[in-house]
Amino acid sequence: MESAFDENAAAEFVARYCDIPEELALRVYTSRLIGGDPNLVLHGGGNTSVKLKGRNILGEDREILYVKGSGIDLETMGPDGFVALDLAFLRKLRDINHLSDQEMETQLQIHKILVSPLTPSVEALLHAFLPHTCVDHTHADSILILTNLKQGAQRIREALGSRIAVVPYTMSGLPLAKEVAAQYEKNPDTEGIVILSHGIFTFGDDARQSYERMIDYVNRAEAFIQKRAEENPLQISRTDVTPVGDIDVSAARFSQVVRGVCAHKDPSGNLRRFYVETRRSPNLVDLSLSGQAQAFCNSGVLTPDHVIRTKNKMVYIDSIPESDERLTEVLTRETDAFKETYDRYFLEQVKAKGVNPRKLDAYPRVFLVAGFGLAALGFTRQAARVAADIAEHTLCAKRRAKGIGEYVPISESHVFDMEYWSLQQRKLAGLPHPLLQGQVAVVTGGGGAIGFGIADRLLAAGAAVVISDIDTPRLQKVHSILRQRYPQGEVEIIAFDVRAYASVEKAFNDISRRLGGIDIVIPNAGIAHVARIEDLDPDKLDEVIAVNLKGTFNTIKASIPVFKRQGTGGNIVVISSKNVFDPGAAFGAYSASKAGAHQISKIAAQELAELGVRVNMVNPDAVFGDEEISSKLWDLVGPDRMKSRGLDYEGLKEYYRNRNLLKVSVLAEHVGNAVVFFASEQTPTTGAALPVDGGIPAAFPR
Ligand code: ZN
């Protein structure tokens, strides 16, 4: 890799952040350069700092340490990603022998000199104790490959030269900070320090020098590995593995089953489901077929920093069996074995250390599957992505290490200290779990007003939502509005035609490959047609039935194999209509097809209860949509009805508002709220219809 430092880009940062010191703006720039390279750091790993002089409000000189906030991603950070600390005070902490986690955190919090909601990096003291203006820290793959070899320290010296000091693995915080400072003082020519099984720190007089030293040393490690790895390529020993049938279908089946096997109740009794992220690069497929695959899975994390994302070990699956029953059996057996190993590790460490932390769940986060690649699990999609990225880097690094020497796993004692360190655990603790977190919802007819309202409410409830429609421009419009409204939310689009079973089936496989599976299915796609029976073209009737009835049938049918493989129940909420109970003249095609869909839903409620799948109906009336997303139904029937009643658009809305008992306008989000109510299983209800119509006596369900 080459230094990406560019004078013009650096000048842009200085200009963009003209209200802060130039050194800090440059520090932001090179921090982003580091964060942008996945071979250096992944997802919020690593940290950087700069020391500056300033004045307080009384005009007194003071030294300030700007250090990255914990959990901030280097790739996207701005100046406010740094926490400003009282450097002179922090230096004095070097004289203390022991600092509890709580005390270290308190000291860092009370010695901020600018208001910031962030917690300083756990390496803040290390940055403070080194005298250099700038310090950079990464978990570069190539450095870890060398440190994790037998005789790692020697390999590092051979590869990186004499201006690098090597420190044995030491827990982050005060002990590591003191050790690193002492090493530097022994040899002031040192340009960087490698911590075995952890990573590398480089330092310099300015942001550029510190960054370029990082690149230089990582390159030296890279060249050292490259040379030896070429001489000793990985032997692929298995040729007996061929994935069953269509690899995309196998991937979908695997994700659905693994997701079901790993879903579990948390201590408060709530079912926690995982999202699944898959990676299928040729490199991973190769590696999954090698005789080393099992050993790679067992030999643990590259650096303990990763354990909270991936757990220490991975599960190796040596083939994807053809039958779903067999696949479930294999994954259950392997997951149980993993959990047992985890439980044993936890008990051993707790006993050895005499501590009493709250135990984390024992479920694996990463599966390596022969001939396929890897599948990573997370309670949020982001967590699944992070686990997948880290696991991919870990496996590829171990493959390269194999070419050089013996890979030595990090001791479980070190791994445990990091996994159960309160300061690490806090990185995972976010807001309370939203109602539908971990669930995947599919909404058909997502380009219309009601589909939009449903997707909006499901996103607000924390589900990952996939919207579908055959009207692509409308679908894209809804998608972009939802993306803006829920920047942290997970919303995707997938176009499929509910009229064709094969199209729905393929889409459900695609969704499962992308997200893991499906828990909430909302058959909502519908079309309307206005004609009295006398004038109703029989072909037109077929068209309406194809979407409203057969489309609902296809969507329900395609979800059944997914629910079966997951084995965690689920919800189907069919968007029915007030017309099912109270049909109107000239609306036969719509009302009859909707009545058919309503009826098939009641059958589904009876047939799917044994899978724990509930099927309920929501019966809206007169949902007009808004300026952003109109209702396609009202775009069609509105003009006629306005004409026949002599009303304009607003008048028509007013007419429908006055028609119901509660005198309210029914909104798409009301329909969405009804969907969320059913999907969150707040009552033991299936086969029910919930009117969302303001109260229309003729349409009371019976
Ligand atoms: Zn680190």
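The model is predicted, so local features need pLDDT of at least 70 and side-chain atom pairs count only at pLDDT 80 or more, while totals for chains, interfaces and linings use all residues. Residues are numbered from 1 along each chain as its sequence is written, and side-chain values use heavy atoms, without hydrogens and water.

Switch to a cartoon view. The chain has 26 helices and 20 strands; these are DSSP runs numbered from the N terminus, helices being H or I with at least four residues and strands E with at least two. The radius of gyration is 30 Å, close to the 27 Å of the globule rule for 702 residues, so the chain is as compact as a globular protein of that length. That radius is taken over C-alpha atoms, and the rule is 2.2 Å times the number of residues to the power 0.38. Along the principal axes, the C-alpha atoms fill a box of roughly 95 × 70 × 50 Å.

Next, select residues 324-353, which form helix 14. Its 30 residues should span 44 Å at 1.5 Å a residue, and the end C-alpha atoms are 43 Å apart, which agrees; the expected span is 1.5 Å times one less than the number of residues. Colour the buried residues of helix 14, among them Leu327, Leu331, Phe338, Tyr342 and Phe346. An α-helix has 3.6 residues a turn, so residues three or four places apart point the same way. What covers the buried residues of helix 14 includes helix 10 (247-262), strand 11 (315-317), strand 12 (366-369) and helix 16 (412-419). After helix 14 comes glycine 354, with a positive phi near 60°.

Now pick arginine 272, in strand 9 (residues 271-272). Arginine 272 is buried, with a relative accessible area of 12%. Leaving out residues up to four places away in sequence, Arginine 272 touches Ala263, His264, Asp266, Phe379, His433 and Gln437; a contact means heavy atoms within 4.5 Å. Phenylalanine 379 is 107 residues from arginine 272 in sequence, yet their C-alpha atoms are 7.4 Å apart.

Finish at helix 20, residues 501-515. Its 15 residues reach 21 Å from first C-alpha to last, close to the 21 Å expected. The buried residues of helix 20 include Val504, Phe508, Ile511 and Leu515. Glycine 516 follows helix 20, and its phi is positive, near 120°.

Definitions and conventions:
Buried means under 20% relative accessible area, exposed over 50%, partly exposed in between (1.4 Å probe, protein chains only).
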